[in-house]
Amino acid sequence: MAVAVPATPKMSFVVFSGDLDKLIAAFIIANGAIAMGEEVSIFFTFWGLNSLRRHNPPKRKRKAMDAMFAAMMPSGADRLPLSQMKMMGAGTALIKNVMKQNSVHTLPELIASAQAGGARFIACTMTMDLLGIAESDLIDGVELGGVATFLGEAAESTTTLFI
Amino acid sequence: MAVAVPATPKMSFVVFSGDLDKLIAAFIIANGAIAMGEEVSIFFTFWGLNSLRRHNPPKRKRKAMDAMFAAMMPSGADRLPLSQMKMMGAGTALIKNVMKQNSVHTLPELIASAQAGGARFIACTMTMDLLGIAESDLIDGVELGGVATFLGEAAESTTTLFI
Amino acid sequence: MAVAVPATPKMSFVVFSGDLDKLIAAFIIANGAIAMGEEVSIFFTFWGLNSLRRHNPPKRKRKAMDAMFAAMMPSGADRLPLSQMKMMGAGTALIKNVMKQNSVHTLPELIASAQAGGARFIACTMTMDLLGIAESDLIDGVELGGVATFLGEAAESTTTLFI
């Protein structure tokens, strides 16, 4: 596989985590990169996929195991927990509150902004199979792909972060 | 230190974490990179070293502190916990179960596959000293090295991930 | 934005985590890179900023929310907790103890060494606003900057790690 040295920087991300604070950091970096004219590509795997789940997806028949996972995992960017200072949910409410007071965009807004700015969102199909997530469970504008898709993006990127 | 621009992409990893799910993600990426013809180098430090420990290493005399660490830390890739949804071990069993149902390789299989594919495994000697891990405690085919070895690999890599 | 291919490797870091063990790993890598003649740049965001807080900062008037955050978060590199094996603080004391026995530098020493070696420390101003941290709360020699400053550093770096 040949590598093209990019004319402008390109950033790629593996979003593995489902922690609100890590996702906010990732998406602030991603939106900053877009603002500076960089190409951005984000591969969502494992718990990171929860940030792309719709809160009320179209109903469908699920296997018992898949329904259990769906019920146990937070559905959507607005429902992710903090990585620390959890305090049974109070820490998360606190952070959302100070973000609002400081006019920092919410995670759903940051995600929408990255999409509008042309970031490529790739959902890891292996994780979707494992956790029983269907394409209809995800927000619009998400491609399905595997590790080879991510590796192609990373090979062209100036910077790749594992979040 | 001069930098050679690689003709083919090369990936390096710092595996700091000892979480099963993060390790699975890292090794799926590593095996994907090998399949695409990339060179792969993995530096195991801190809790990441537990993934290389043998479950039944040859007996040896250990200092009291080392024996305590050895007993407290999971020994081997088959015994690592999840980063979340731990549920006192039930989450880990659940994930292993769905991986099996979906024909995803286990972590020990993914590690063996990366080794067979030529990935370079480097165990951080400083961590080994700190946590009282001897070379005989580790699986075969692991080099010992320090941060300078990792930095040499990273300088030649297209992509470097901290896991 | 044009990209200069660096003549010598350059490393940049996003230090998001406030975990003692992750910070030690990051700073051992950073000091190793400095020893090998690399440029090093570190962007401290979210909980990572706690590693730069003074334990006894000059007194100042704080809003109630800011005072609460300041009291809840560890102040300074000497007070960070481990990411695991916390055991209500015993794990942290244990690791510090074996580090001392093995003549590994403490985190405050590693931080001072990186600064003395010319590493650029950038404190994320957005996090400072969110968590109510003032410049006078931080150790000396820290620049204030935003995501654009980090992205400029990352675009010039051979390796960028998200910690």
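Biologist: Which residues does C:H55 touch, not counting residues up to four places away in sequence?

Modeller: Ground rules: this is a predicted model, where local features need pLDDT of at least 70, side-chain atom pairs count only at pLDDT 80 or more, and totals for chains, interfaces and linings use all residues, while side-chain values use heavy atoms, leaving out hydrogens and water. Residues are numbered from 1 along each chain as its sequence is written, with chains lettered from A and ligands numbered from 1 in the order in which they are written. Contact here means heavy atoms within 4.5 Å. With that rule, the residues touched by C:H55 are C:S75 and C:R79.

Biologist: And is C:H55 buried, partly exposed or exposed?

Modeller: C:H55 is in the loop between β2 (39-44) and α2 (64-72) of chain C; helices (H or I, at least four residues) and strands (E, at least two) are DSSP runs, numbered from the N terminus. Buried means under 20% relative accessible area, exposed over 50%, and partly exposed in between, using a 1.4 Å probe and protein chains only. C:H55 has 39%, so it counts as partly exposed.

Biologist: What about A:F46, buried or exposed?

Modeller: A:F46 sits in the loop between β2 (39-44) and α2 (64-72) of chain A. Its phi is positive, about 45 degrees, although A:F46 is not a glycine. With a relative accessible area of 5%, A:F46 is buried.

Biologist: A:S103 also has a positive phi without being a glycine. Is A:S103 buried or exposed?

Modeller: The phi of A:S103 is about 55 degrees. You'll find A:S103 in the loop between α3 (90-101) and α4 (107-116) of chain A. Its relative accessible area is 64%, so A:S103 is exposed.

Biologist: Are α1(A) and α6(C) roughly parallel or roughly perpendicular?

Modeller: Helix α1 (residues 20-35) of chain A packs on helix α6 (residues 147-155) of chain C at about 75 degrees, with axes 9 Å apart. Axes are lines fitted to C-alpha atoms, for helices over the stretch in contact, and angles run from 0 to 180 degrees between N-to-C directions. Angles under 35 degrees count as roughly parallel, over 145 as roughly antiparallel, 65 to 115 as roughly perpendicular and the rest as oblique. That is why α1(A) and α6(C) are roughly perpendicular.

Biologist: How many residues of the contact of α6(A) with α1(B) are nonpolar?

Modeller: In this contact, A:V147, A:F150 and A:L151 meet B:I28, B:I29, B:G32 and B:A33. Ala, Val, Leu, Ile, Met, Phe, Trp, Tyr, Cys and Pro count as nonpolar, Asp, Glu, Lys and Arg as charged, and the others, Gly among them, as polar. No residue is charged and one is polar, while the nonpolar count is six.

Biologist: Which residues have the most contacts inside the largest nonpolar core?

Modeller: A nonpolar core is a set of buried Ala, Val, Leu, Ile, Met, Phe, Trp, Tyr and Cys residues joined through side-chain atoms within 4.5 Å. One residue to look at is B:F13, whose contacts include B:A26, B:I29 and B:F150. The largest core has 168 residues, and those with the most contacts inside it are A:F13, B:F13 and C:F13.

Biologist: How many disulfides does a search of the whole structure find?

Modeller: A disulfide is a pair of cysteine sulfur atoms within 2.5 Å. A:C124 counts as buried, at 6% relative accessibility, and B:C124 is buried at 6% too. Over all chains, the number of disulfides found is zero.
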